[in-house]
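Open the model in your viewer and keep the selection tool at hand. The tour goes from one selection to the next and says what to look for at each stop.

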Amino acid sequence: MSQRHTDTCNALGVALLADVPVILWGPPGQGKSSVIQELASGMGAHLETVIASIREPSDFAGLPVVDPATRTASLAAPSWAVRLRDAVLEEGRTGIQFYDEVSTAPPATQAALLRPILEGVVGDLRLPDGVRTIAAANPPDVAADGWDLAPPVANRFVHLTWELDADTVREGFTTGWPSVAVPVLEEAAVEALLAQTLAVVGVFLGSKPELVTQMPRTSEEAGRAFPTPRSWEMAARLHAYATAAGMNSTVVTMLMAGTVGITAGGMFLNYLRELDLPDPETLLADPDVYVVDRRRTDQTYAVAASVWSATAARNTAQRWVNCGVVLAVIAESGSADIAFSYGRAWAAARPAGALPTARIVKGLAPILTELNLLTTKG
């Protein structure tokens, strides 16, 4: 199997782990449907395949049903959604809703898919948390009666290109087709990393406001990835999970480009490399090593955010004190506004028995006074 296909399989696994809806783009006959079936079988998941192109909008938005007793109407969910709910709630299994041939679904059907894809709501039925969303599509130029995805639908997915190269086909025919593995991580191990990544994305967009939202210029671009606050949040989530799972840079790049677009994703990854953030755990172990780069306010903001996020994820008396030292260093460097923006949350989260040191008192005195923490009592 080629490295390219391996990376695509890993990117798909990360998207499932992070619970971000994913769409696979590729010509007919590339095994998109088959790999999803094998993936579900390997996970022991309940799979519901819905061919979007032959469905009506009511198959996703629900059919109106009138209750004669109350004279009120509700939207009844189709049987496939009920089966998914029951498999997760009654059998304790993971569920996968797989929407095939999405690009051949007419606009009205695509519009009805909006809530099922992002919110997991079909009719008036809310699917449980254990349900993951995958879709598959052929590019409109090779699909039968193909349509470009409407921007609101496209913006709800991470887009991955799925094509079988000659090496992968050779291995598939001779030794078996590759499988997709979903990484296994402790959720707690990702929480702090996700908070840090969201903070860095926020700092980046503050310096590049033109990238917050960039609507596509053509109908073809509108059907793929483009940046919005929603897709940036998805990108941050995917970046955190991919990093925690130890994925290589190619997989991370695939996920970022597939969520906010090639240009915006590449600019963010380049910014992240140039930002050269210190490991927050290193600073929490020895805060005295931190030296503020006065030329990089964005870096200072990101350091404050990442150190506080790591502290909040595992708050002990010593980590709380060391976080306070880092914030005090930032305040003393002339960036009191940055230190204070996280300092209030830090001060309010003081563990029992944790006391500010003299350096913290000097740097963060206004906050400590405000919250009545300038005492010798624990």
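Two residues are in contact when heavy atoms of theirs lie within 4.5 Å. Keep in mind that this model is predicted.

**Stop 1: Leu12 and the cores.** Select Leu12. Setting aside neighbours within four places in sequence, Leu12 is in contact with Val22, Leu24, Ile36, Leu160, Trp162 and Val180. Leu12 belongs to the largest nonpolar core, which has 53 residues. Leu12 and Trp232 are the residues with the most contacts inside that core. There is also a second, separate core, made of 32 residues; Leu284, Val292, Val303 and Ala331 are among them. In soluble globular proteins, nonpolar side chains tend to be buried together.

**Stop 2: helix H11.** Now select residues 229-244, which form helix H11. From the first C-alpha to the last, the 16 residues of H11 reach 23 Å, close to the 22 Å expected at 1.5 Å a residue.

**Stop 3: helix H13.** Move on to H13. The 14 residues of H13 should span 20 Å at 1.5 Å a residue, and the end C-alpha atoms are 20 Å apart, which agrees. Select Ala264, Gly265, Phe268, Leu269, Tyr271 and Leu275, which are buried. Look down the axis of H13: these buried residues fall within an arc of 155 degrees, so they line one face of the helix. The face turned away from that buried side carries the exposed residues Ile262, Thr263, Arg273 and Glu274. The buried residues of H13 pack against H9, H11, H12 and helix H15 (297-313). Just after H13, Asp276 has a positive phi of about 50 degrees.

**Stop 4: Thr133.** Finally, select Thr133 in strand E8 (residues 131-137). Is Thr133 buried or exposed? Thr133 counts as buried because its relative accessibility is 6%, and the cut-off for buried is under 20%. Show the side chain of Gln97 as well: the side chain of Thr133 makes a polar contact with it, at 2.6 Å. Not counting residues up to four places away in sequence, Thr133 also touches Val20, Pro21, Val22, Tyr99, Pro116, Ile117 and Phe157, among others.

Note on methods: Residues are numbered from 1 along each chain as its sequence is written. This is a predicted model: local features need pLDDT of at least 70, side-chain atom pairs count only at pLDDT 80 or more; totals for chains, interfaces and linings use all residues. Side-chain values use heavy atoms; hydrogens and water are left out. Helices (H or I, at least four residues) and strands (E, at least two) are DSSP runs, numbered from the N terminus. Buried means under 20% relative accessible area, exposed over 50%, partly exposed in between (1.4 Å probe, protein chains only). A polar contact is a pair of N or O atoms within 3.5 Å; within protein, one must be able to donate a hydrogen and the other to accept it, and residues adjacent in sequence count only if both atoms are side-chain atoms. The expected span of a helix is 1.5 Å times one less than its number of residues. A nonpolar core is a set of buried Ala, Val, Leu, Ile, Met, Phe, Trp, Tyr and Cys residues joined through side-chain atoms within 4.5 Å. The arc is that of the directions from the helix axis to the C-beta atoms.
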